[in-house]
Amino acid sequence: MRNRFQLSKDLKKLGWKDVDPTTMCAFMQAARIVNGHAHDGVIRAEADKARRTFKTPGNAPRSAVPRKTAR
């Protein structure tokens with residue numbers, strides 16, 4: 001997962017803090033950008049299926065998407 005190093009570096013340039021490569025790896029797995037399960041693992045197929053069928057908030061009904069509140 002080389003992307004985690006580049007993402008970490010780019011965010012640090014933008015002024016973000018605590019964005020080390022390990023944190024970026026965890027974020028990308030949680031956001032389902034990458035699948036960190038072993039290729040021959042028992043969860044891999046299930047995780048891939050969930051990733052393919054996942055609906056992003058952009059596909060959700062408008063009422064299901066949280067709105068930004070003014071501060």
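How many helices and how many strands does the chain have? Color by secondary structure and you'll see three helices and zero strands, running α-α-α from the N terminus on. Helices here are DSSP runs of H or I with at least four residues, strands are E runs of at least two, and both are numbered from the N terminus.

Before going on, a word on the model: it is predicted, with local features needing pLDDT of at least 70 and side-chain atom pairs counting only at pLDDT 80 or more, while totals for chains, interfaces and linings use all residues. Numbering starts from 1 along each chain as its sequence is written, and side-chain values use heavy atoms, leaving out hydrogens and water.

Now select residues 3-13, helix α1, and residues 21-30, helix α2. They pack at about 110°, axes 8 Å apart; axes are lines fitted to C-alpha atoms over the stretch in contact, and angles run from 0 to 180 degrees between N-to-C directions. That makes α1 and α2 roughly perpendicular to each other, a label for angles of 65 to 115 degrees.

From α1, pick Asn 3, Arg 4, Phe 5, Leu 7, Ser 8 and Leu 11; they meet Pro 21, Met 24, Cys 25 and Met 28 of α2. This contact divides into seven nonpolar residues, two polar and one charged.

Of the chain's 71 residues, 13% count as buried, that is, under 20% relative accessible area with a 1.4 Å probe, protein chains only. The chain exposes about 6500 Å², 54% of it supplied by carbon and sulfur atoms, by the Shrake-Rupley method with a 1.4 Å probe.

Note on methods
Angles under 35 degrees count as roughly parallel, over 145 as roughly antiparallel, 65 to 115 as roughly perpendicular and the rest as oblique. Contact means heavy atoms within 4.5 Å. Ala, Val, Leu, Ile, Met, Phe, Trp, Tyr, Cys and Pro count as nonpolar, Asp, Glu, Lys and Arg as charged, and the others, Gly among them, as polar. Buried means under 20% relative accessible area, exposed over 50%, partly exposed in between (1.4 Å probe, protein chains only).
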